[in-house]
Amino acid sequence: MSALIVTGTDTGIGKTIFSAGLVQALGATYWKPVQSGLEEETDSQTVARLSGQPALPEGYLLQLPASPHLSAEAEGVEIDPDALPLPEVDGVLVAEGAGGLMVPLNREVLYLDLFARWGAPVILCARTQLGTINHTLLSLKALRDVGCAVVGVAFIGDAEPEVEETICQFGQVAHLGRLPVLAELSSDALAVAFQAGIRVDLIKEALAQGEAA
């Protein structure tokens with residue numbers, strides 16, 4: 001099995017839509033370890049609908065749309081990282097975190113700690129709006145400080161070539177392309193935008209290198 005982690009610099013930046021495009025492009029299986037908030041379609045349901053690929057059951061399904069540790073506490077539950085190993089699947093697994101790297105799973109463990117434990121390569125999704133340079137460079141530093149291998153940064157939003165170049169230069173990281181915000185969010189539209197904008201070839205190379213290591 002090969003695995004990729006998709007995380008972001010913040011919440012609400014479009015990393016679930018990116019994950020759906022990636023799962024579709026790779027013919028992969030999707031997994032969201034913790035889903036906080038059940039009022040609307042879950043991320044697993046969104047990815048399965050847009051990608052046409054399987055989504056595994058979440059490790060924790062929590063009602064409150066908040067940080068996982070707060071959602072769990074509201075239900076009298078504590079998230080146990082030991083209960084969240086990367087699932088074994090045929091082919092490629094795409095595991096998506098919640099919010100950013102410093103989101104707590106419980107009062108002692110962050111998502112970043114879980115990613116370090118998993119040891120799979122990470123794709124960092126970043127918005128192209130104001131503030132993204134700081135957020136993205138801090139996220140890259142945090143990932144490297146705990147030994148995570150970073151495949152590259154995938155940008156989401158309107159094109160900002162100078163900003164994107166600055167991040168990749170200072171962050172010494174590969175530019176994995178840019179996914180625009182789609183006016184019509186459908187499986188076909190996502191596939192076209194992903195093929196046109198995202199360097200799936202670089203992602204596949206990182207997977208191949210991981211398998212050979």
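1. Helices here are DSSP runs of H or I with at least four residues, and strands are E runs of at least two; the expected span is 1.5 Å times one less than the number of residues.

2. The model is predicted, with pLDDT of at least 70 needed for local features and 80 or more for side-chain atom pairs, while totals for chains, interfaces and linings use all residues. Residues are numbered from 1 along each chain as its sequence is written, and side-chain values use heavy atoms, without hydrogens and water.

3. T132, T136, S139, L140, A142 and L143 of α5 are buried (under 20% relative accessible area, 1.4 Å probe, protein chains only; exposed is over 50%, partly exposed in between). They lie on the same side of α5 because they cover an arc of only 160 degrees around the axis, taken from the directions from the helix axis to the C-beta atoms. On the other side of α5, L138, K141 and D145 are exposed.

4. α4 (111-118), β6 (122-127), β7 (150-156) and α6 (161-171) are what the buried residues of α5 pack against, contact being heavy atoms within 4.5 Å. Just after α5, G147 has a positive phi of about 85 degrees.

5. Lining the largest pocket are 25 residues, and T11, K32, Q35, S36 and D43 lie nearest its centre. β3 gives the largest share of this lining, 3 residues.

Definitions and conventions:
On a 1 Å grid over the protein atoms alone, a cavity is a set of points where a 1.4 Å probe fits but cannot get out, and a pocket is an open set with protein on both sides within 12 Å along at least five of seven lines; lining residues have an atom within 4 Å of a point.
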